[in-house]
Amino acid sequence: MSPASSKTGFRSPPLAYGLWIGALGGLAVSGFALSQWIADAQDLKSLRMADEAAISTLVVDGLPEGHSAAFYELLGERAARLSVPDLYSARQSVREAVRLDPGSAYAWAHLAYLEAAAPDGRDASIDALRQTIALCRDCDPALSLWRIEFIAADWWPMPTDLKADAAAQLSRLSALPETEAEARALAVQASRLGIPLSLTAE
């Protein structure tokens, strides 16, 4: 969790691995691509099932090589959730994920979250947050809600453009039936904390 997370209890962003696996389901792929996809899926399954000792061993000498972006993002998630979180390895792993797949809004959101926890990571966190917004401003209401919470959790030092985007997105989501209740609850929570995040932005 970021140091500011206790204010709003924001969640870790959705991981990309479940999405790209689902996206490939209906595609016809070559034999090589299919074998690579199967290998990647097996890597992800093994990583999800690995215990803490295995995760620690995997990153002790630096990141393992030759894996997919989804693998590195999941490895970052697992490293950050160790009983003694390895945030350095988590950041390095998710940085590798966005290097391999710079078009993943979810990986950039994950990186923004991890960079925020580093003493010197604020600028990198802001950059990653802008990247995830640019890539997926309106495409996923759950990701938009998470970003609003993330921005609200550290509201006062946030750049003006990110505050404005959070306010606009909150108003947009409050008008959608599937996110209205959660958006309005966020607005109430923000108001209680003295954060000027209302539902009146255009």
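User: What marks the start of α8 in this predicted model?

Analyst: In this predicted model, a side-chain oxygen of Asp 140 reaches to within 3.0 Å of the backbone nitrogen of Ala 142 at the start of α8, and a polar contact requires a pair of N or O atoms within 3.5 Å.

User: How do you know that the span of helix α8 agrees with its number of residues?

Analyst: Helix α8 has 13 residues, 141-153, which at 1.5 Å a residue should span 18 Å; the end C-alpha atoms are 18 Å apart, so the two values agree.

User: What makes α8 largely enclosed by the rest of the structure?

Analyst: Of its 13 residues, 11 are buried, and therefore α8 is largely enclosed. Among these buried residues are Leu 143, Trp 146 and Phe 150, and the buried residues of α8 pack against α6, α7, α9 and α10.

User: Why is the pair Arg 137 and Asp 165 called a salt bridge?

Analyst: The closest N and O atoms of Arg 137 and Asp 165 are 2.7 Å apart, and because the cut-off for a side-chain nitrogen of Arg and a carboxyl oxygen of Asp is within 4 Å, the pair qualifies. The pair links distant parts of the chain, with Arg 137 in the loop between α7 and α8 and Asp 165 in helix α9.

Note on methods:
Residues numbered from 1 in each chain as written. Predicted model: local features only at pLDDT ≥ 70, side-chain atom pairs only at ≥ 80, totals over all residues. Heavy atoms only, no water. Helix = DSSP H or I, 4+ residues; strand = E, 2+ residues; numbered from the N terminus. Expected span 1.5 Å × (residues − 1). Buried < 20%, exposed > 50% of the residue type's maximum accessible area, 1.4 Å probe, protein only. Contact = heavy atoms within 4.5 Å. Polar contact = N/O pair within 3.5 Å; in protein donor to acceptor, adjacent residues only side chain to side chain.
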